[in-house]
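Please keep the sequence and the coordinates in view while reading.

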Amino acid sequence: MQTIPFSEFGLSAPVMQAIDDIGYEEATPIQTAAIPLLMSGRDVIGQSQTGTGKTAAFAIPAIERLLADCEKGVQVLILCPTRELAIQACEEIRKLTRHIDWIHTAAVYGGQDIERQIRLLRSGVQIVVGTPGRIMDHMRRHTLRLGDVKIAILDEADEMLSMGFRDDIDTIFTDIPQERQTVLFSATMSSEIMEITKLYQTNPEIIRVVRKELTVSEIEQYYYNIPHSHKIEALSRLMDVYHPEPAMIFCNTKKQVDELVSAMQQRGYVAEGLHGDMKQQARDHVMNTFRGGKVDFLIATDVAARGIDISGIGAVFNYDIPQDVEYYVHRIGRTGRAGKSGLAFTFVTGSREMAELRCIMKYTRSEITKGTIPTSEQVMECRRLRFAKKVCASVENEDLSEYMRMVEQLADEGISAIEIAAALLKAEMTSDGRTSMPSEADDFAFAGHEHRFGRNAGSERRDSRDGRRNRRSGDRDKNMVKIYIGLGSSAGIKPGHIVGAVANETGLPGRSIGRIEISDRYSTFDVPQEAAELVINTLNKTRIMGRRVSARLFTEQF
Ligand code: ADP
Ligand code: MG
């Protein structure tokens, strides 16, 4: 789709000046299509995804209309589904009207002191942006009169419907004059939305901005097929090597958000979570700290992050592969905005998720490259480099004489300069809270294990239903070791449980698991020697059929 410079819309000088101040280079596709139509007075249905500049698309024509009419009273009403979106839209509009001293915008939403809002409304505003509940509240109190409204805007209409605001919208519209311009924006279209447009719009023009081209083309996309239990380590390594702060990490569930936030915090990352169960105040706080650069990593669900605009994201991580292909586009569209190229990392586990990934590639017509998780060596190298840079900068730019004297004193006591430096280095490299060095055992899990373990694969056969092996012990088992787990048939364990647990949690292909024997109170199974430690450690952190596993190497005394 064509985009054009703002100068071609015939906008007024103060609006042009404001756009220039903000620094927009040219109109986005939805703006290019919507602004002229809206300025001609048409009703518009606009469909485009988050982050495409819908606010300015409806705000600029609204401001121009205010400028043309020069009237008092609330003339523009914008309905938003959430408080965050209302605040965001209000901020954008205030930026656009900064050179017009008589146009005032108020945001009204639940959770804020209503008296304050009443004072603001009384002081005379022309644009009101708010959430339906609070707007109705003000209507009831007669602190907001809609009798002069000329433009009504439903922003994120689909979200508004899914949040149950349908009746509220009806109520609000009964107070708005029939003679008006009605604008509806939505990321998705549904029959319910079409119904709304039939009720409230007159001969609306539909604008659709094709979803894909806006986002993925300029984003480098990678995927990693890893077991679930290794995602946290993989994420940490990618963060350590790419340093993409600020970055967003998407999970599919609130529970996963909470778990990941505490895991990452424990590892020393400055991470915060955002999901629908959190109190509004907590969400605001997280958003503010993230926007203010005090939080490096925002871990969120799709719903919580919906419509929230944050620019300058260094990378988006799909910790869980998105449930919907469209979500993928939404999620990664947040990185690399405004001409900067972005980075997107997606974790997949198992073949089913790989199939979903292929579907995403097809739908987005984009290449998602198979990435390799950095090795512990590479992670350490990155940390070393970063540290060296810091030291050099300090030596170059700071006055260290006081500290040099202290070092000299220590040296006089017989500690070598290298020892002093090493002790400080250790303190420094662990002071950022990264308690653990990346372990080489994990490297093993990330490396192409299919490959390493595949040697015996061809000669193996197993009953696909229960994972039993036909293989007998012999030469081929030389590299195998026996693992004991404290669960047996009395606990209802079947071979499939063991194969499943080992394959899912460690990523070891099921076929590399050797003979499985299930006794009454315990079971044993063979795995390649080099995988034993990983299997034992991992199983001891997980449960099979809800029970602790108690895995260890099997020795005859059991
Ligand atoms: P949407 O409502 O479609 O999700 P927003 O209106 O919130 O999108 O805008 C998303 C981001 O893009 C904001 O940071 C906004 O300031 C910025 N933006 C809007 N228009 C332009 C433009 N023409 N050029 C560059 N950035 C823009
Ligand atoms: Mg918006």
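**Contacts and salt bridges**

V325 lies in helix α14, which spans residues 325-332; helices are DSSP runs of H or I with at least four residues, numbered from the N terminus. This is a predicted model, in which local features need pLDDT of at least 70, side-chain atom pairs count only at pLDDT 80 or more, and totals for chains, interfaces and linings use all residues. Residues are numbered from 1 along each chain as its sequence is written, and side-chain values use heavy atoms, with hydrogens and water left out.

Not counting residues up to four places away in sequence, V325 touches C359, I360 and Y363, contact meaning heavy atoms within 4.5 Å. The C-alpha atoms of V325 and E356 are separated by 8.3 Å, although these residues are 31 apart along the chain.

The whole structure holds 24 salt bridges, each a side-chain nitrogen of Lys or Arg within 4 Å of a carboxyl oxygen of Asp or Glu. In one of them, R283 meets E84 at 3.5 Å, N to O. Because R283 lies in helix α12 (residues 280-291) and E84 in helix α4 (residues 83-96), the pair ties together parts 199 residues apart in sequence. Both R283 and E84 are buried, that is, under 20% relative accessible area, where exposed is over 50% and partly exposed in between (1.4 Å probe, protein chains only).

R166 and E195 form another salt bridge, with their closest N and O atoms 3.2 Å apart. R166 belongs to helix α8 and E195 to helix α9 (residues 191-200), so this pair links parts 29 residues apart in sequence. R166 counts as buried at 17% relative accessibility, whereas E195 is partly exposed at 42%.

Technical notes:
Chains lettered and ligands numbered in written order. Helix = DSSP H or I, 4+ residues; strand = E, 2+ residues; numbered from the N terminus.
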